[in-house]
Amino acid sequence: MNIVLGKNFQEKANQLAISLRDVHEPLTIITEHVTYMEDLLLSQRDVLFNIEVKTLHQFEKDLLVERRMFKRHLYNQPQLVMAIRTILSHQDFTFFKISENPYPLIGEIITTLKRLHEEDIDLNTLPDHLLPLTKQKCLEINTIDQLLKQTDTYMNLEEATIDLVDQVSARIIVLGDDYPYRKQRAFFTALDRVTDVTMYLSHDEDDFVKSYYPGAISFVGEETTLTKHLYDQEKVNPIEKASVIIGGSPMHEVLKVTSDIKRKLVDEKAHYEDFMIVTHSNDMKDYLKDVFDREHIPHLLPETTRYDYDESYQAITKALASSQAHTFTDLTNELLLLPLDENYRSLLKEVISDEKITPEEYLLFLQMIIPNKGTRQPLHDAIMICDFAEALSVTPRYLYFLGLNEGEVPAVMGESGLLLEEDFLQLKTQPLSLSEQLSLHEIEIMKAILNPHKHLTFSYAQADMDGKEKMPSTLMKRLYELYDLENCIPDLTLHDVYLYLNSSQLPDYPLNEAIDHYDNKPVLIKEDYRHLLGKGMSVSRLETYNKCPFAYFMQYGLKVTKQYDHALAAYDIGHLAHYIMETSIDDEEHMKDHAYTYVKEHLQDKYDDNPLNQFFIDHMIDDMAMNLKIVKEQLGDFTIAAKEYEVTGDLGEIPVLGMIDRVDTIDDHVRIIDYKSSTKTLDLSFAMQGFNIQMLVYMDLLIKNKPDLKPGAVLYFAMKRRVITKALSKTLSLHKPLSDKDVFKQYRMEGYAFDEEPYDFCKQLVDSSTKVRIKKDGTPYSGAPILSHDQLKTVMAQIVSYMTALYEKLRNGHIDILPAKADNNAAGIYPCDYCDYRSVCLFDVFVNENKVIKSNLKNEILKEEKQ
């Protein structure tokens with residue numbers, strides 16, 4: 001066999017086409033890129049009357065026809081699934097048991113069997129040193145395989161045709177990168193015994209190649225910087241200029257690429273066929289199809305329709321629901337009486353067997369064998385969108401490589417099937433290892449980048465569609481070194497209407513129309529509509545605006561809110577817990593009666609017939625018994641003055657209102673308690689910049705309304721169940737019962753006390769109720785959360801000043817995309833991670849900025865006050 005090596009695939013292919021310019025004898029080229037190879041040959045000669053270009057499967061099918069072997073055929077999916085189901089039903093296996101839904105297991109068995117046949121791995125003779133688990137799996141898989149071989153049906157075409165190659169006479173050229181499996185290699189080796197076979201491979205001369213094929217090796221194509229150094233770390237000079245596009249999310253990345261293509265279509269008078277987009281991600285292809293269809297851009301992605309939406313499938317589902325038949329044949333015959341699409345009729349005619357099966361399982365069987373329909377409209381001028389393996393072009397194009405993120409490109413090689421790599425390593429014959437599979441994938445990537453091109457553009461996203469951070473891949477980092485990359489910042493105004501939830505807008509509502517031309521830059525709402533943003537303000541609404549004006553605008557201006565289903569939501573549990581605290585703190589004996597009365601009145605539809613919801617609600621009510629016990633212990637000498645107490649007033653000149661969960665008094669001091677379903681802390685630096693100010697504002701309003709009282713403390717009580725971590729400390733043991741004091745310490749309230757020497761108020765707090773601790777000498781411990789009354793006034797003055805400026809921006813209609821972010825990345829400040837509107841705003845790191853929140857402002861302000 002003649003073996004032609006060289007990493008520069010494009011140059012090898014070009015030289016092959018040139019060498020065949022004047023060839024007249026019969027010749028067959030075997031490749032998975034038929035159109036590409038034909039175009040390349042026709043660039044060098046007028047006709048291909050003596051040269052056939054075929055895929056391997058087409059070549060093998062033609063062999064069967066020429067030798068009149070019409071009885072040899074492959075297992076199709078229905079036959080294979082049905083045959084394996086029958087074997088599982090009649091064999092007593094240890095690992096492989098039939099169940100009500102055996103089809104996931106059958107799918108795994110099929111994957112494993114196909115791999116064994118592709119790699120020509122024989123399990124009839126197993127090594128003695130095999131581990132027991134691997135040996136048992138191999139024995140049972142081999143039993144299934146031997147039973148399947150009893151019919152004259154094959155797993156792949158190589159098995160069906162390898163004995164028919166003896167009469168092939170035409171010279172054969174194989175572009176072999178796409179045929180790495182052992183059975184394919186055996187087929188070409190058998191061909192080489194009867195005719196002249198030349199094999200083109202994109203490898204170096206190493207043991208990997210020599211294990212493929214024996215023969216004379218030659219090299220074609222000069223090495224380039226890219227072929228030498230794409231996958232190493234050697235320092236290189238940039239090859240050429242190229243572009244990079246960075247999207248906030250994959251959809252944002254697609255929108256930017258689309259805008260850049262539209263600009264090139266106009267500025268450079270390009271045609272759609274001048275563009276090729278290469279991506280390894282199916283999700284990215286879905287986004288591309290969605291955006292291209294909306295923008296009326298022709299492309300070559302197929303239109304894929306799931307069978308669920310077919311009228312024939314719906315008719316089958318309805319018929320099976322009432323069927324009384326109980327064998328494959330009887331159920332199939334019933335369904336064939338329905339007015340079904342011809343494709344369904346052809347498929348059902350394959351499903352004939354006397355094996356018993358319920359109508360319910362028959363539907364599961366059909367779901368495994370019915371393929372999704374893919375149709376591709378033939379277009380002469382359209383953008384090609386493909387994977388790396390398909391990305392070959394004869395003519396120069398604008399090439400875009402999308403989704404170059406870590407874990408996506410190069411792809412992560414994974415194991416599939418019931419036998420894993422560690423199992424195969426124990427066998428005499430082994431398939432391609434994960435590292436060898438990765439090597440083949442890297443060759444595909446290199447071939448795609450080596451395409452002739454007018455311009456290269458690489459792109460990646462900074463976060464996924466859920467807002468979680470994504471990193472550029474190691475390949476992308478290497479491309480920064482290999483190319484002189486320029487940031488491409490396309491104009492997204494082409495998509496200005498699509499960026500927003502038009503389906504959620506009220507028709508003819510001027511406030512909604514105000515964003516029709518909003519292009520991801522700060523704008524003002526017209527003065528006529530600003531009153532719709534709200535006058536009287538709750539503190540929580542102001543904090544929403546502080547976190548991100550755009551999110552506030554979507555929620556309170558456009559009133560676009562997330563739709564909730566009947567699942568138990570966090571606020572359901574929170575409302576129930578608050579109700580229990582309100583009704584049962586003075587009536588602990590009847591706590592459960594109060595709780596289940598609330599459930600009956602407000603949560604009955606979520607509680608009934610839903611064991612999971614019942615579990616959460618019942619356990620939460622049980623937990624509240626401990627919470628009530630803790631709260632009563634924390635009261636000490638305090639008196640509960642009010643529950644669910646409403647406060648109103650002005651924060652500076654801002655009218656606000658709110659509700660305090662509990663108000664406690666002692667002497668002339670007052671403390672307010674906020675019940676939380678999770679842990680919450682009060683950070684004064686962030687509070688002075690408008691975050692978590694609710695309790696401080698409520699205390700301020702309360703004291704203004706009741707000037708005879710002095711501020712004592714603002715505290716948060718977390719009602720969630722505690723893990724008693726102190727039991728793992730040096731002083732406590734899991735083998736000793738915990739004292740009540742140790743348990744109470746786990747429920748200490750977060751917050752601040754307001755007091756000064758001699759700290760009389762702080763001394764009246766129960767020791768285990770807060771983190772406010774006073775030493776025996778009457779001074780606070782270092783770091784105790786205590787503010788003097790003057791410090792409290794300073795903090796409130798900062799809050800009033802900040803919120804007044806913020807409110808003024810709100811009243812003036814500012815709806816900037818300006819999410820807040822702490823300079824220390826503190827949790828609870830950055831709003832984007834769990835924002836319902838993130839996919840709408842399309843935050844762009846190159847256009848938008850974050851509002852930076854200082855994490856050390858408290859020390860700066862209070863230090864200035866002391867001086």
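Trainee: Which residue has a side chain joined by a polar contact to the side chain of R478, and at what distance?

Mentor: The partner is D232, and the polar contact between the two side chains is 2.8 Å. A polar contact here is a pair of N or O atoms within 3.5 Å; within protein, one atom must be able to donate a hydrogen and the other to accept it, and residues adjacent in sequence count only if both atoms are side-chain atoms. This is a predicted model, in which local features need pLDDT of at least 70 and side-chain atom pairs count only at pLDDT 80 or more, while totals for chains, interfaces and linings use all residues. Residues are numbered from 1 along each chain as its sequence is written, and side-chain values use heavy atoms, with hydrogens and water left out.

R478 belongs to helix α19, residues 474-482. Helices (H or I, at least four residues) and strands (E, at least two) are DSSP runs, numbered from the N terminus. With a relative accessible area of 4%, R478 is buried; buried means under 20%, exposed over 50%, and partly exposed in between, for a 1.4 Å probe and protein chains only. Leaving aside residues up to four places away in sequence, R478 touches H229, L230, D232, Q233, E234 and V236. Contact means heavy atoms within 4.5 Å.

Elsewhere there is an open sheet of six strands in the order β3-β2-β6-β7-β1-β8, with parallel pairing. Its edge strands, β3 (51-54) and β8 (216-219), each pair on one side only. Two strands pair if DSSP finds at least two bridges between them. On average, neighbouring strands of this sheet are turned by 20° against each other, direction ignored. Strand β2 (residues 27-30) runs parallel to β6 (residues 171-175), and four bridges join them. L27 stands opposite R171 in β6.

Two helices pack on this sheet. Helix α1 (residues 9-19) touches β1 (2-5), β6 and β7 (197-200), and its direction makes about 160° with that of β6. Helix α3 (residues 56-66) touches β2, β3 and β6, and makes about 115° with the direction of β3. Such axes are lines fitted to C-alpha atoms, for helices over the stretch in contact, and the angles run from 0 to 180 degrees between N-to-C directions.

Next, the cysteines. The structure holds zero disulfides, a disulfide being a pair of cysteine sulfur atoms within 2.5 Å. For C832, the nearest cysteine sulfur is that of C548, 6.2 Å away. C832 is buried at 10% relative accessible area.

Rings of Phe, Tyr and Trp (its six-membered ring) pair if their centres lie within 6.5 Å; planes under 30 degrees apart count as stacked, over 60 as edge-to-face and the rest as tilted. F95 and F96 form a tilted pair, 6.4 Å centre to centre with 50° between the planes. F95 is partly exposed at 33% relative accessibility, whereas F96 is buried at 3%. The ring centres of F638 and F761 are 5.9 Å apart and the planes are at 90°, so this pair is edge-to-face. The pair links distant parts of the chain, 123 residues apart: F638 is in the loop between α26 (611-635) and β18 (639-651), and F761 is in helix α30 (residues 760-763). F638 is buried at 6% relative accessibility, and F761 is buried at 1%.
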